[in-house]
Amino acid sequence: MKFRIFTLFLTVMLASFLHTALADTPIDALFTRIKNLPDAEYSEEKLNKSGLKGAFEGVKSIEVAEASLDETTYQTLRKEIVKKDYNPHELLLDTQEGDELVKIFMMQSKKKVTEVVILELDKEGINLVRFKGNLKSEILKNK
């Protein structure tokens with residue numbers, strides 16, 4: 001019986017590792033990692049095109065992952081996030097003040113913004129928000 005439980009545990013761990021390792025982009029891998037943290041919350045909403053105006057026009061989905069962090073997890077994530085290359089996503093904003101870190105990424109395809117990701121990390125938790133669709137590039141410009 002112990003062998004079966006151990007085998008099942010190893011299988012689950014291997015599947016989790018492979019899923020993270022084979023993710024499409026580093027942002028996908030980060031979402032997967034955050035979703036698997038204890039006390040993590042995850043939500044994805046597909047948006048109906050009708051009625052969306054302004055900044056949300058063209059957004060097809062919004063994905064949110066958030067989790068509370070202990071000190072060790074915070075330090076580990078911070079080191080990884082600071083060093084990580086998030087190609088094919090382009091870094092638009094990178095701010096660090098005290099224990100807070102904020103990054104905004106975008107991905108383009110033929111002059112269209114197809115994805116915007118907002119990452120916020122502090123000692124209390126991490127928040128990731130991803131907008132997908134044919135996004136208006138005006139929302140990314142400073143006014």
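Author: Below we go through the sheet, the packing and the rings in turn.

Author: It's a predicted model, so local features need pLDDT of at least 70 and side-chain atom pairs pLDDT 80 or more, while totals for chains, interfaces and linings use all residues. Residues are numbered from 1 along each chain as its sequence is written, and side-chain values use heavy atoms, with hydrogens and water left out.

Reader: OK, what's the strand order in the open sheet?

Author: The six strands go 1-2-6-5-4-3, with antiparallel pairing. Strands here are DSSP E runs of at least two residues, helices are H or I runs of at least four, and both are numbered from the N terminus. Two strands pair if DSSP finds at least two bridges between them.

Reader: Which are the edge strands?

Author: Strand 1 (41-46) and strand 3, each pairing on one side only.

Reader: And how many bridges join strand 5 to strand 6?

Author: Nine, between residues 112-122 and residues 125-135. Leu119, for instance, has Leu128 in strand 6 as its bridge partner.

Reader: Switching to helices: which strands does helix 2 lie across?

Author: Helix 2 (residues 26-35) lies across strands 1, 2, 4, 5 and 6, at about 140° to strand 6. Helix 3 packs on the sheet too, touching strands 3, 4, 5 and 6, and makes about 145° with strand 5. Contact means heavy atoms within 4.5 Å; axes are lines fitted to C-alpha atoms, for helices over the stretch in contact, with angles from 0 to 180 degrees between N-to-C directions.

Reader: How many residues are in the largest nonpolar core?

Author: It has 19, and Leu77 and Leu121 are among those with the most contacts inside it. Helix 2 gives the largest share, four residues. A core is a set of buried Ala, Val, Leu, Ile, Met, Phe, Trp, Tyr and Cys residues joined through side-chain atoms within 4.5 Å. Buried means under 20% relative accessible area, exposed over 50%, partly exposed in between (1.4 Å probe, protein chains only).

Reader: Last one, why is the pair of Tyr86 and Phe105 tilted?

Author: There's one aromatic pair by the rule used. The Tyr86 and Phe105 ring centres are 4.8 Å apart with planes at 50°, so the pair is tilted. Rings of Phe, Tyr and Trp (its six-membered ring) pair if their centres lie within 6.5 Å; planes under 30 degrees apart are stacked, over 60 edge-to-face, the rest tilted.

Reader: Are those two buried or exposed?

Author: Tyr86 is buried at 6%, and Phe105 is buried at 2%.
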